[in-house]
Amino acid sequence: MSSPAILVRDLKKSYGSKAAVNGVDLEVPRGSFFGFLGPNGAGKSTTIRILTGLIPADSGYIEILGMRLPEDEMEIKRRIGLVPDESLLFDRLTGAEFLEFVGRMYGLERGVAIERARDLLELLELQNDRKVIGEYSKGMRKRVAMAASLIHHPDLFLMDEPFEGVDAVGARLMKEILSGQVRRGATVFLTSHVLEVVERLCDRIAIINNGAIVTSGTIEELRAGGESLEDAFVRVLGAERQLERLDWL
Amino acid sequence: MIAALLRAQWLSMRLGSSRGSLLSLITGVIWYGFWCSVSYAVGEAVQGYSVSALRIGVPTGLLAVCLYWQVVPIISASLGSALDMRKLLVYPAPHGQLFLVEVLLRLTTGAEMVLVLLGGAIGLLQNADVGGWRGGPRILAGILIYLLFNLLLASGLRSLLERLLSYRHVREVVVFLMLAVVTVPRLLMVSGAGPKSLGGLEPLIGIAALPWAAAGRAVLDDAPAVSLLILVSWTVVAGWFGRWQFERNLRYDAMAAQATPLEAAPAPASSWSERFYRMPSLLLRDPLAILVEKELRSLARTPRFRMVFVMGFSFGLMVWLPFVLGAGRDRHDEFAENFLIVVCVYALTLLGQVTYWNSFGFDRSAIQIYFAAPQPIVLTLIGKNIASLVFVYLEVLVLTGLTWALRVGVGPAKVLEALFVVGICALYMLAFGNISSVHYPRALRPERVSQGGASSRFQALVFLLYPLALLPVFLAYMARYAFNSQAVFVVLLALAALLGGVLYRLGMESAVNAIGKYRERMLTDLSQGDAPVTSN
């Protein structure tokens with residue numbers, strides 16, 4: 001039996017006295033489309049940053065694609081495609097130049113990187129012109145970030161709000177691409193606040209709150225009694241409350 | 001509104017790291033300590049001079065204050081703090097109040113001059129010949145109005161320059177013209193083609209209708225009412241100019257001015273720029289090749305970098321050329337012989353603020369790609385260092401051509417010497433720069449020409465480091481001069497290179513270790529958004 005794409009045990013990360021991630025346990029099967037949900041400040045982005053090696057964990061066990069982090073950090077990085085919450089784009093490069101840069105940083109031959117960059121720009125409907133990324137719209141920047149995560153054909157995608165700021169057409173395109181990646185056996189691990197997207201794409205989800213996983217499983221398991229994912233999300237977090245009246249509002 | 005703005009700024013600054021605060025404190029003490037001593041010296045001098053001497057000295061000093069306040073921010077490419085209008089225009093804040101804050105922020109580029117004026121004012125108050133403490137109201141009025149005049153003028157000039165410098169293909173020309181305006185008079189003076197001394201400034205300080213002359217006359221009790229009236233008039237004009245330029249900036253879209261034309265196709269592979277960018281791939285292997293290529297592309301397209309690059313050869317040449325071309329000067333003296341080396345090293349130091357002192361500044365949050373990619377971070381630093389060296393040697397190339405054209409002691413041996421000396425000095429600079437880039441990273445907006453350098457105080461610290469970094473090479477030159485021996489010079493230069501190599505290696509190890517430890521803090525520092533007021 002193959003190891004899970006992501007296996008995390010008792011992961012902890014604190015900032016001063018505040019625990020951003022407080023004993024997270026997580027298992028993401030290979031080939032799954034996994035949604036990682038939670039309210040703002042729950043610890044989603046911190047978890048993804050730890051999994052990508054951007055920041056170190058205070059403690060815990062992390063295994064990605066059967067390899068230990070941080071011991072096998074370089075090999076893990078080679079097989080991850082990353083779309084972080086903050087921009088990883090160089091503003092003074094064009095889209096094509098940036099994609100070539102990323103491809104070559106991941107070890108692709110120059111010619112291969114240039115060719116794949118051109119293909120990806122076409123696939124994601126980005127123009128191959130002299131315009132630098134600094135002049136791109138938010139949606140275009142997300143598309144380039146998505147293209148960059150694909151260029152080295154990774155086995156695992158770690159994506160923090162990949163659809164944020166993307167228009168409906170672009171989002172649909174990106175979703176199709178990701179679904180295609182899952183069909184070929186890759187794993188997608190994403191965070192999103194758009195629960196409709198998660199409901200439609202993901203087969204498994206985990207919800208994190210206050211730095212700890214409060215529930216995980218298949219979508220069906222979570223939606224008890226046929227409720228929507230949004231209802232289930234609110235129920236699990238215990239976040240239902242009456243709207244307070246403000247006199248001046 | 002102003003209170004809310006100041007509070008937001010204070011809260012934003014509060015988030016700065018303690019490292020930054022400590023550095024800021026140290027550089028602040030050094031920098032302002034120096035200017036306090038200048039202020040004290042000015043006060044002492046003014047206190048003891050006779051009225052006749054002060055009639056020349058005070059307007060000249062006030063002219064110097066004005067020049068420093070208005071020109072130094074330009075030539076040091078640090079236009080000081082300013083309101084970030086992208087964040088503030090959404091609020092219904094009266095433009096008058098925003099302008100007021102903007103004017104007060106001009107103190108950030110002229111605080112040194114406030115100290116000098118304060119020293120001068122105290123000196124005048126203690127000088128009985130100009131009225132002493134009895135003349136207090138007149139003296140203080142003159143100084144304060146002159147201060148306001150400078151603030152308003154600096155505000156207008158800043159707005160105007162910020163707009164001009166944001167136009168594509170215009171900024172380099174503007175920089176060159178600005179430098180010419182500053183240095184050509186000096187060039188003419190020392191070359192004998194113009195007035196031979198400060199006596200040539202007489203028309204500037206003698207005409208009572210000029211602001212510094214009017215201020216000088218007012219504080220010296222020389223037709224004070226008329227002089228103050230003239231000064232107030234100038235201040236009103238400066239205020240109108242400042243407000244006019246401020247309003248124009250409010251309606252100005254810098255992003256649109258810098259936008260790439262819609263029809264622009266990618267540059268063909270055969271173009272000279274593409275060949276230049278692809279050069280590292282011919283000489284190096286990936287990932288170093290692509291890292292250097294990325295740096296070359298990014299920096300060459302960064303307005304701030306381009307401006308400093310132009311300054312590197314033009315400003316250096318203009319500053320140092322008078323020392324060689326001066327009337328009656330020997331073109332074969334020690335300085336003229338080493339002119340190329342001096343201007344090349346000067347260019348190396350100038351480029352530091354947009355390259356090696358803060359290597360990750362223009363990358364901002366994109367720095368995380370270096371951490372996420374499966375490559376050791378040491379290669380990223382080496383790639384950035386190589387790219388810096390490419391631009392430094394481009395400066396050397398341009399300067400060699402220019403000095404050759406000017407026939408200033410440039411032979412093949414000197415060119416070779418310049419190449420080696422710049423390389424050795426670069427080792428020291430890069431060693432310090434790598435450490436500084438990791439410990440004090442600062443997010444820079446590449447599209448902002450007026451932002452990107454260090455603050456004047458950080459520059460002061462850097463200037464303190466320069467002598468340290470250049471000392472081994474300087475000693476080699478001193479030894480050549482003292483012993484009149486080329487062999488001694490070569491041996492000492494070789495030793496300096498060896499020491500530089502060791503220092504570079506140690507600096508690199510220290511920087512890489514620090515990245516391992518402080519990666520998260522670097523990410524935070526480089527991802528931070530701006531406060532309502534953007535600094536330098």
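The model is a predicted one. Chain A contains nine helices and 10 strands, and six of the strands form an open sheet.

**Overall form of chain A**

- A compact globule of 249 residues would have a radius of gyration near 18 Å, and the 19 Å of chain A agrees with this.
- Along the principal axes, the C-alpha atoms of chain A fill a box of roughly 55 × 50 × 40 Å.
- Of the 249 residues in chain A, 47% count as buried.
- Among the contacts in chain A with a separation of 6 or more, 67% are between residues 24 or more positions apart.

**The sheet of chain A**

- Strands in a sheet pair through backbone hydrogen bonds, in either a parallel or an antiparallel sense.
- In chain A the strand order is S6-S7-S8-S3-S9-S10, and the pairing is mixed.
- Strand S6 (80-83) and strand S10 (212-218) of chain A are the edge strands, each pairing on one side only.
- From one strand to the next, the twist averages 15 degrees.
- Strand S3 (residues 33-37) and strand S9 (residues 204-209) of chain A pair in the parallel sense over four bridges. A:Ala206 in S9(A) is the bridge partner of A:Phe36.

**Helices against the sheet**

- Helix H5 (residues 138-150) of chain A packs on the sheet and touches S6 and strand S7 (156-160). The direction of H5 makes about 170 degrees with that of S6(A).
- Helix H6 (residues 168-183) of chain A lies across S3, S7 and strand S8 (187-191). H6 runs at about 140 degrees to S8(A).

**Contact between the chains**

- In chain B, 31 residues are in contact with 32 residues of chain A.
- Helix H14 (288-300), helix H18 (368-372) and helix H22 (486-527) of chain B each supply at least two residues of the side that touches chain A.
- That side of chain B is made up of 15 nonpolar, eight polar and eight charged residues.

- A cis peptide bond, with omega of about 10 degrees, joins A:Leu69 and A:Pro70. A:Pro70 is in the loop between strand S5 (67-69) and helix H2 (73-78) of chain A.
- Another cis peptide bond joins B:Asp286 and B:Pro287, with omega of about 5 degrees. B:Pro287 is in the loop between helix H13 (272-283) and H14 of chain B.
- A:Asp10, in strand S1 (residues 6-15) of chain A, has a positive phi of about 50 degrees although it is not a glycine. A:Asp10 counts as exposed because it has 12 C-beta neighbours inside 10 Å.
- B:Arg364 is not a glycine either, yet has a positive phi of about 50 degrees. B:Arg364 counts as buried because it has 25 C-beta neighbours inside 10 Å.

Note on methods. Residues numbered from 1 in each chain as written. Chains lettered and ligands numbered in written order. Predicted model: local features only at pLDDT ≥ 70, side-chain atom pairs only at ≥ 80, totals over all residues. Pairing = 2+ DSSP bridges. Axes fitted to C-alpha atoms, helices over the stretch in contact; angles between N-to-C directions. Contact = placed C-beta atoms within 7 Å. Rg over C-alpha atoms; globule rule 2.2 N^0.38 Å. Buried ≥ 20, exposed ≤ 12 C-beta atoms within 10 Å, placed from the backbone. Nonpolar A, V, L, I, M, F, W, Y, C, P; charged D, E, K, R; others polar.
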